[in-house]
Amino acid sequence: MFENFRVFKTEYAGREMSFEVGKMAGLANGSCLVRYGETTVLVTATASGKPREGIDFFPLSVDFEEKLYAVGRIPGSFLRREGRPTEKAILTSRVVDRSIRPLFPSDMRNDVTVVMTVLSVDPDCEPEVCGLVGASFALSISDIPWDGPIAGIHVGLVDGEIVLNPDAAQREKSEMELTVCGNAEKVVMLECGACEVDNATMLEAIKRGHAEVKKMVEFIAGVQREIGKAKFSFPSMELDHEMFEAVKEYAADRVRYALDTDDKNVREERLRPVYEEVHAHFDPIYLDEEAQLDECLYKLQKFVVRRWLLDDGKRVDGRAMDEMRPLDAEVGLIPRVHGSGMFTRGQTQVLTVATLGSIRDAQLLDGIDPQTEKRYIHHYNFPSYSTGETKPSRSPGRREIGHGALAERALLPVIPPVEEFPYTLRLVSEVLSSNGSTSQASVCGSTLALMDAGVPIKAPVAGISCGLISEGDGWSTMVDIQGLEDFFGDMDFKVAGTKKGITAIQVDMKVHGITFDIIESALEKTYAARCKILDEVMLPVIAEPRPELSKYAPKMLTLTINPEKIREVIGSGGKVIQKISADCGVKIDVEDDGHVFVSGVDLDGCRRAVQIIETIAKDPEVGAFYKGRVTRLMNFGAFVEIAPGKEGLVHISKLDTSRVEKVEDVVSVGDEIIVKVTEIDSQGRINLSRRDALEAMKAKAEKQVNEND
C-alpha cells in the first residue's frame with residue numbers, strides 16, 4: 001500500500017534519529033515522521049497553489065502542537081481536550097519560524113504552513129529539536145521553494161562541560177539552555193537562557209553546536225538530492241525595478257531629509273508629504289499601482305538607511321556605531337504596588353510593575369513539558385499607543401508572549417529560590433513608547449521593579465540589542481538599534497545579563513546566516529553596553545534591593561512540620577486549615593514534604609497562624625505557654641482549646657492568682673487567654689494553668705523594669 005515508504009537514519013549528538021516518509025500525511029507538499037529515542041513528531045509543510053492577493057509580505061505560519069496523549073495525560077480543561085497553545089508551544093513555534101523564514105523567497109506570496117505534531121515524548125529526547133530538524137527535512141524534500149536545509153540543536157553546560165542535546169538528568173543540572181540553528185556555513189538563529197555564562201564559553205558552545213548541526217544539514221541535503229521534489233514556480237511579487245528607479249530619482253533627496261532625525265515623530269511628519277507628493281506625481285503614470293508605489297517608498301527608505309550605514313558609517317540619528325541613545329531609569333513611581341521601575345532608552349520606554357503573591361499563586365502548567373508550575377512570571381504588553389497608532393486592544397499575540405518570555409528568561413537566574421524567598425512573583429512590563437528593542441528595555445525595567453519591591457535578586461540584569469549591516473563580505477555591527485535599523489538592517493542580536501555573564505540571548509535575522517566573527521563582535525559590544533547601563537544609569541538610582549518589602553506586599557513566614565502531621569493541620573475536608581486562614585486573615589500553603597508557607601498583609605496574623613500550626617503539628621510540652629480560646633465552662637473549671645482539636649482543662653483553682661468562687665467571674669466562652677501546660681497524664685489529657693501563666697508574665701515584666709532602671 002505504501003509503495004513510496006522510506007526510512008532515513010542518521011546519528012545526531014550520539015543518538016539515532018530517523019525520518020520516515022511516504023506513509024503519513026501524503027497530501028502535504030512535504031512530510032516526515034521524526035523519531036529520536038522514543039520521541040515521535042509528525043512534521044508537515046504545505047503551500048497554497050496560488051499567491052494571496054493584496055499583501056506585501058510572505059505569509060508563513062508555523063505551529064508546534066502539543067498533544068497531551070504524548071505524555072500519557074488527559075487535559076485538565078473542562079472539555080478535556082487541548083485548548084490554546086501553551087506558552088512553551090508558542091515559543092517553540094517562534095524559534096522554528098525565525099529559523100526558516102529568512103530562507104524563503106522574499107517575493108513569494110503563496111501561503112506556507114508548517115505544522116509539528118508531537119505524538120510521543122521521551123524525556124531524554126526533546127521534541128522541540130525533532131520539530132525543528134523535521135521542519136527543515138519536510139521543506140527540503142517538498143516542492144516548496146526554500147533555500148535550505150538547516151538544522152537545530154540544543155546545547156547545555158553541565159559541570160563546566162558542553163553537552164549536545166542533553167538528556168533529562170543533564171538538563172536538570174545544566175547552566176545553559178542554548179538553541180543553535182544553522183546551515184552548512186553560518187548560524188541562522190540563536191535562542192538562549194543561561195546562568196551568567198561568560199562570552200568565551202557562550203561562543204564556544206555556539207561553535208560546538210554548529211559543528212554538529214552541519215552534519216545533519218549534510219545528511220538532509222543528501223536525502224533531498226535522492227528523493228526531493230522539484231521546486232514549483234510562483235508568480236514573483238518583486239518590485240517593478242523601472243518604477244523603483246523612477247521613484248528613487250524623484251524622491252531620494254526628500255527621503256534623506258525626512259529620515260535624518262533622531263525623533264520618530266518628526267520623521268513620520270516629514271515622510272507624510274513625501275508620500276503625498278510621490279502619489280500625486282506617479283498615480284497618473286502607474287494607474288492602480290498605489291500599493292506598489294508605497295512599497296517603492298519603503299524600499300527607498302531601506303536603500304537610504306543602508307547606504308548611510310555601509311558607505312558613511314552614519315546612523316539615522318547621528319550616533320556613533322557603539323553609542324547608545326540617552327538613558328534614564330526611575331523606581332517607586334506607582335503608589336501602593338509592591339514595586340515599580342521605568343527604563344527609557346531614547347524613544348523606547350517601558351514601565352514594569354512587580355507583584356508578590358503566595359506560593360499558591362504560582363502558575364499551573366498543562367503541557368507536555370515536565371514542569372507543572374512556575375513561580376516567576378513575566379508578562380509584556382504592547383499597546384497601540386506605544387507606536388502612535390490606534391487599534392483596539394486584544395489579548396497578547398505571539399510577539400508579546402515571546403518578548404515576555406525573553407525577559408522572564410533573562411531574570412530567572414537571579415531570582416532567589418523559594419527556600420530563601422517563598423513568594424510567587426509576577427512582573428508586568430507596559431511598553432509606553434516603542435522605537436526599537438522594547439524587550440531589552442523590559443529586562444532593565446524588571447530589574448528596577450524587583451529591587452524596588454525588595455526582592456533579594458542575586459545580581460542586577462540589563463539588556464541591549466546589537467544590529468548588523470552587511471553587503472558581500474563586508475559587515476558592521478551597531479549597538480542599541482532603533483526601529484529603522486531593525487526594519488532595514490540584517491540582524492537584531494538581543495543579549496541580557498549581569499556583569500558576570502549572559503542570562504539570555506535571542507537573535508533574529510533577515511540574511512541567510514551570520515559568521516562567528518559577527519557573533520563575537522555582538523557579544524563583546526553588548527557586554528560593554530550592558531555594563532554601562534548598569535553602572536551609569538540603573539545602579540545610581542537603586543544600588544541594591546530595598547531592605548524591606550512594601551507595606552502593601554504580603555508578609556510570608558515559613559515553617560517545616562512532620563509530613564505525618566499534615567492531615568491534622570488540614571483537617572477533615574480542609575476545615576482546620578480554612579478556619580486558621582479565616583481567623584488569622586492569611587493564606588496557607590502546605591507542601592507534601594512538610595514545608596508550610598503562611599502569607600498575609602498583617603504580620604501579627606501570620607505569626608498567630610504559625611503558632612497555631614506549630615501547636616497542631618507538635619505535641620504539647622509541659623512548661624510551654626499557649627494562647628487559647630475558652631470553649632466550655634464547668635463548675636470545676638474551664639476547657640481551653642490551645643489548637644484546633646487540642647483542648648485542655650484549667651481547674652478553677654488555677655484560673656487566677658487569687659481565689660475564684662465561680663468560673664464565670666473570671667472567663668467566658670470565647671475569651672482568649674494565656675495558659676501554661678502543667679501536666680499531660682498517661683491518657684494524653686492536658687492540664688493547664690492560667691495562674692502560672694499570669695505569674696510568669698508578671699515576673700518577666702518586673703525583670704524588664706529592673707533592667708531598664
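Asn199, Met202, Leu203, Ile206, Lys207 and His210 of helix 4 meet Phe516, Ile519, Glu520, Leu523, Glu524 and Tyr527 of helix 11, where contact means heavy atoms within 4.5 Å. This is a predicted model, in which local features need pLDDT of at least 70, side-chain atom pairs count only at pLDDT 80 or more, and totals for chains, interfaces and linings use all residues. Residues are numbered from 1 along each chain as its sequence is written, and side-chain values use heavy atoms, with hydrogens and water left out.

**Helix 4 and helix 11**
- By class, this contact of helix 4 with helix 11 has 7 nonpolar, 2 polar and 3 charged residues; Ala, Val, Leu, Ile, Met, Phe, Trp, Tyr, Cys and Pro count as nonpolar, Asp, Glu, Lys and Arg as charged, and the others, Gly among them, as polar.
- Helix 4 spans residues 199–227 and helix 11 spans residues 516–538; helices (H or I, at least four residues) and strands (E, at least two) are DSSP runs, numbered from the N terminus.
- The two axes come within 10 Å and cross at roughly 155°; axes are lines fitted to C-alpha atoms, for helices over the stretch in contact, and angles run from 0 to 180 degrees between N-to-C directions.
- Helix 4 and helix 11 are therefore roughly antiparallel to each other: angles under 35 degrees count as roughly parallel, over 145 as roughly antiparallel, 65 to 115 as roughly perpendicular and the rest as oblique.
- The crossing of helix 4 and helix 11 is right-handed; a crossing is right-handed if the near helix is turned clockwise from the far one by less than a right angle, and left-handed if anticlockwise.

**Helix 5 and its partners**
- Helix 5 (residues 241–259) and helix 6 (residues 264–282) have axes that come within 9 Å and cross at roughly 165°.
- That makes helix 5 roughly antiparallel to helix 6.
- Residues in this contact include Tyr250 and Arg254 of helix 5, and Leu271 and Glu277 of helix 6.
- Sorted by class, the contact of helix 5 with helix 6 has 12 nonpolar, 1 polar and 4 charged residues.
- With helix 7 (residues 290–312), helix 5 packs at an angle of about 55°, the axes being 8 Å apart.
- Helix 5 and helix 7 are therefore oblique to each other, and their crossing is right-handed.

**Cavities**
- The count comes to 2 cavities of 30 Å³ or more; on a 1 Å grid over the protein atoms alone, a cavity is a set of points where a 1.4 Å probe fits but cannot get out, and lining residues have an atom within 4 Å of a point.
- The largest cavity holds about 40 Å³ of space; grid points are joined across faces, edges and corners, and a volume is the space filled by probe spheres set on the points.
- Among the residues lining the largest cavity are Arg15, Tyr36, Asp124 and His154, and its lining has 4 nonpolar, 2 polar and 3 charged residues.
- The second largest cavity has a volume of about 30 Å³, with a lining of Phe5, Glu20, Val21, Lys23, Met24 and Leu33.

**Backbone details**
- Gly148 and Pro149 are joined by a cis peptide bond, with omega about 5°.
- Pro149 sits in the loop between helix 2 (127–141) and strand 7 (151–158).
- Glu196, a residue other than glycine, has a positive phi near 55°, and Glu196 lies in strand 10 (residues 187–197).

Definitions and conventions:
On a 1 Å grid over the protein atoms alone, a cavity is a set of points where a 1.4 Å probe fits but cannot get out, and a pocket is an open set with protein on both sides within 12 Å along at least five of seven lines; lining residues have an atom within 4 Å of a point.
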